[in-house]
Amino acid sequence: MSEHVYKVVELVGSSRSGIEDAVNNALNRAGETIRNMRWFEVVETRGYIENGQTAYWQVTVKIGFTVEDRVE
C-alpha cells in the first residue's frame, strides 16, 4: 500500500436552499476540474440577508485530493 500525499484547496459555495446544497455546489464545481477528491472540511458558514430574510447561504470548504504519482 502506497502512502498518499494530499493537496488542499479552499472554495466558497453558495445556495439559496441551504448549507448542504452550498457544500454540494462547491464539491460539484470542484469535481469538474479536480481529480481524486477524497475529503472536505467546512471551515466557515455564513448567510446573506435581504429584507430581513435569509437570501442565501455561503460555506467555505477545504477540499483534499490525492496528488497523483509520477509516471516515468
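These legends go with close-up views of a predicted model.

Residues are numbered from 1 along each chain as its sequence is written, and side-chain values use heavy atoms, with hydrogens and water left out. Since the model is predicted, local features need pLDDT of at least 70 and side-chain atom pairs count only at pLDDT 80 or more, while totals for chains, interfaces and linings use all residues.

**View 1**
Strands are DSSP runs of E with at least two residues, helices are runs of H or I with at least four, and both are numbered from the N terminus; a pair of strands needs at least two DSSP bridges between them. Asn-51 isn't a glycine, which is what makes the positive value worth a look: most residues other than glycine have a negative phi, and most peptide bonds are trans. Asn-51 counts as exposed because its relative accessibility is 81% (exposed is over 50% relative accessible area, buried is under 20%, and partly exposed is in between, using a 1.4 Å probe and protein chains only).

**View 1. The largest nonpolar core.**
Ten side chains come together in this one: Ala-22, Val-23, Ala-26, Leu-27, Ala-30, Ile-34, Val-59, Val-61, Ile-63 and Phe-65 make up the core of 10 residues. To get in, a residue must be a buried Ala, Val, Leu, Ile, Met, Phe, Trp, Tyr or Cys, joined to the set through side-chain atoms within 4.5 Å. Helix α1 (19–31) and strand β3 each put in at least two residues, with α1 giving the largest share, 5 residues. As a general point, nonpolar side chains in soluble globular proteins tend to be buried together.

Setting aside neighbours within four places in sequence, Phe-65 contacts Val-5, Tyr-6, Lys-7, Val-9, Ile-34, Arg-35, Asn-36, Met-37 and Arg-38, where contact means heavy atoms within 4.5 Å. Next along is Thr-66, still in strand β3 and buried because its relative accessible area is 10%. With residues up to four places away left out, Thr-66 touches His-4, Val-5, Tyr-6, Asn-36 and Arg-38. Val-67 sits in the segment after β3 and, at 44% relative accessibility, is partly exposed. Beyond four places in sequence, the contacts of Val-67 are Val-5, Tyr-6 and Lys-7. For scale, the C-alpha atoms of Val-67 and Gln-53 are 42 Å apart, with the two residues 14 apart along the chain.

**View 2. The salt bridges.**
The count here is 3 salt bridges, each one a side-chain nitrogen of Lys or Arg within 4 Å of a carboxyl oxygen of Asp or Glu. Arg-35 meets Glu-68 at 2.8 Å, N to O. This pair ties together distant parts of the chain, 33 residues apart, with Arg-35 in the loop between α1 and β2 and Glu-68 in the segment after β3. Arg-35 is exposed at 56% relative accessibility, whereas Glu-68 is partly exposed at 44%. In another bridge, Glu-32 and Arg-29 meet at 3.1 Å, N to O; Glu-32 is exposed at 59% relative accessibility, and Arg-29 is exposed at 51%. Then there's Arg-46 with Glu-44, whose closest N and O atoms are 2.8 Å apart. Arg-46 is partly exposed with a relative accessible area of 29%, and Glu-44 is partly exposed at 42% relative accessibility.

**View 3. Asn-36 in the α1–β2 loop.**
Zoom in on Asn-36, found in the loop between α1 and β2. Though not a glycine, Asn-36 has a positive phi near 65 degrees. Its relative accessible area is 25%, so Asn-36 counts as partly exposed. Thr-66 is one of its contacts, and so is Phe-65.
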